[in-house]
Amino acid sequence: MVYPQLNLRDQSSHLLWTIEFTRTRMSLLNPFRSPRCVPNFLYAFMRSGAKVLACLLICSLLTGCLWSAKNQTAGLPAQYRVKTGQLLLLSDFKLKESHPLVDELQMLRAEVNETLELPYQKTPITVYLFEDEATYQKYLAKHHPELPHRRAYFVQQGTEFAVYTFWGEQIQEDLMHEYTHGLLHSNLHGLPLWLDEGLAEYFEVDRKTEGRLHPQYTHQLNRQIAEGWQPDIKRLEQITEFSDLKLADYRESWGWVHFMLHDSPESKQVLLDYLHGFQTENQKWSPSLPLSDSLAKMNPAYKERLQKYLAVLPDEYGEEQHAAR
Ligand SMILES: [Zn+2]
């Protein structure tokens, strides 16, 4: 996997991207996987107290300059384009429509829609793919110096969806994650923060990975359970600030999503019913609409069920693999 050697430079610079805004703990724990993903400015503004982003939005609304069309497009990749489905991929280097990465994004769209039983939308999701990290950083430094360093961003402005990233060693993982946000946002409105991230973490994993087990999270959650950790979805449901979403929360969100999608048809249906409630444009998430209530109706002992699920998760798929040989 990974599609390297297009133009890889100074991978050690990833290590410099470790002091971040919302995922600092993640960076410190795992410097090889630098954070990405501040969903979007409007999105961040609506439910995040992140003062910098709120200020950014207010300034842009008042002055109309920060994200004016002229400023926004200056320096963005534009020379080559690939358009397929919802994907509009713009780059300054040639990337064929038949490139495996484009195929992966197409398959991801089908997988997200089919797994979550969502309709196919036409709203374009524009991916600005910079040739290298330096060019990407230069663009962000010039146009958004207030933003923390990330390997990739998903930005929503009204009904416009855009992903900003560069060609690097983790391009597939980063694009899978951010493109998932785009697919979710083109279908669902006001999704809770933890669930938005949990789903993006779920779909960023290479679909060929057995059980779609996250390479970092699976064993960490397994160990946490063994040490007596108590997952708490109600706590996740109360997080409304991006700055409050830590690495452990991304990991736990992935665990809940994986559990609901794989534990039983009933648990998957609970998730789907909840998600489909956000298809109405005026739907806005509020803590009075918790998914935990639906899980409790399905099984009052759902927390214990999750703990058991996570406790055996790696072995479950390991045994299946073994049996298949
Ligand atoms: Zn994300």
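Reply: Start with one term. A residue counts as buried if 20 or more other C-beta atoms lie within 10 Å of its own, and as exposed if 12 or fewer do. By that rule, 38% of the 325 residues in this chain are buried. Keep in mind that the model is predicted. Its mean pLDDT is 78, and 73% of the residues reach 70 or more.

Now the part to look at. The chain has 15 helices and 5 strands. H6 covers residues 100-115 and S3 covers 125-130, with a loop between them.

How many residues of S3 are buried? The count is 6 of the 6, so the strand is largely enclosed by the rest of the structure. Look at where the side chains go. Ile125, Val127 and Leu129 point one way. Thr126, Tyr128 and Phe130 point the other way. Both sets are buried.

Next, the partners of S3. One of them is S2, residues 87-91. S2 and S3 pair in the parallel sense over 5 bridges. Leu90 stands opposite Tyr128 of S3. To get from S2 to S3, the chain passes through H6, and this β-α-β crossover is left-handed. Another partner is S5, residues 160-166. S3 and S5 are also parallel, over 6 bridges. Tyr128 turns up again here, with Tyr164 of S5 as its bridge partner.

Val82 stands opposite Leu89 in S2. S1 and S2 form a hairpin with 2 residues between the strands. In that hairpin, Gly85 takes a positive phi near 60°.

What about the loops on the two sides of H6? The loop from S2 to H6 holds Lys96. Lys96 is exposed, because it has 10 C-beta neighbours inside 10 Å. Its C-alpha is 9.3 Å from that of Tyr80, which is 16 residues away along the chain. The loop from H6 to S3 holds Glu117. Glu117 is exposed too, because 12 other C-beta atoms lie within 10 Å, and 12 or fewer is the rule. The phi of Glu117 is near 55°, a positive value in a residue other than glycine.

Now zoom out to the core. Nonpolar side chains in soluble globular proteins tend to be buried together. Here the largest nonpolar core has 64 residues. Those with the most contacts inside it are Val127, Tyr128, Val163, Leu175 and Tyr179. This core draws at least three residues from each of domain 1 (36-187) and domain 2 (200-324). Val127 and Tyr128 belong to our strand, pointing opposite ways from it. Leaving out residues up to four places away in sequence, Leu175 touches Leu101, Leu105, Val127, Val163 and Thr165.

For contrast, take a residue in another loop. Arg212 sits between helix H9 (193-204) and helix H10 (217-226). Is Arg212 buried or exposed? Arg212 is buried, because it has 20 C-beta neighbours inside 10 Å. The phi of Arg212 is near 50°, again positive in a residue other than glycine. Beyond four places in sequence, Arg212 is in contact with Tyr202, Val205 and Arg207. Arg212 and Tyr317 are 105 residues apart in sequence, yet their C-alpha atoms are 9.5 Å apart.

Finish with the whole chain. Take the contacts between residues at least 6 apart in sequence: 68% of them join residues at least 24 apart.

Methods:
Residues are numbered from 1 along each chain as its sequence is written. This is a predicted model: local features need pLDDT of at least 70, side-chain atom pairs count only at pLDDT 80 or more; totals for chains, interfaces and linings use all residues. Helices (H or I, at least four residues) and strands (E, at least two) are DSSP runs, numbered from the N terminus. Two residues are in contact if their C-beta atoms, placed from the backbone, lie within 7 Å. A nonpolar core is a set of buried Ala, Val, Leu, Ile, Met, Phe, Trp, Tyr and Cys residues joined through C-beta atoms within 7 Å. Domain bounds come from an automatic or database domain assignment. pLDDT is the predictor's confidence in each residue, from 0 to 100. Two strands pair if DSSP finds at least two bridges between them. A crossover is right-handed if, with the strands pointing away from the viewer, the path from the first strand over the helix to the second runs clockwise.
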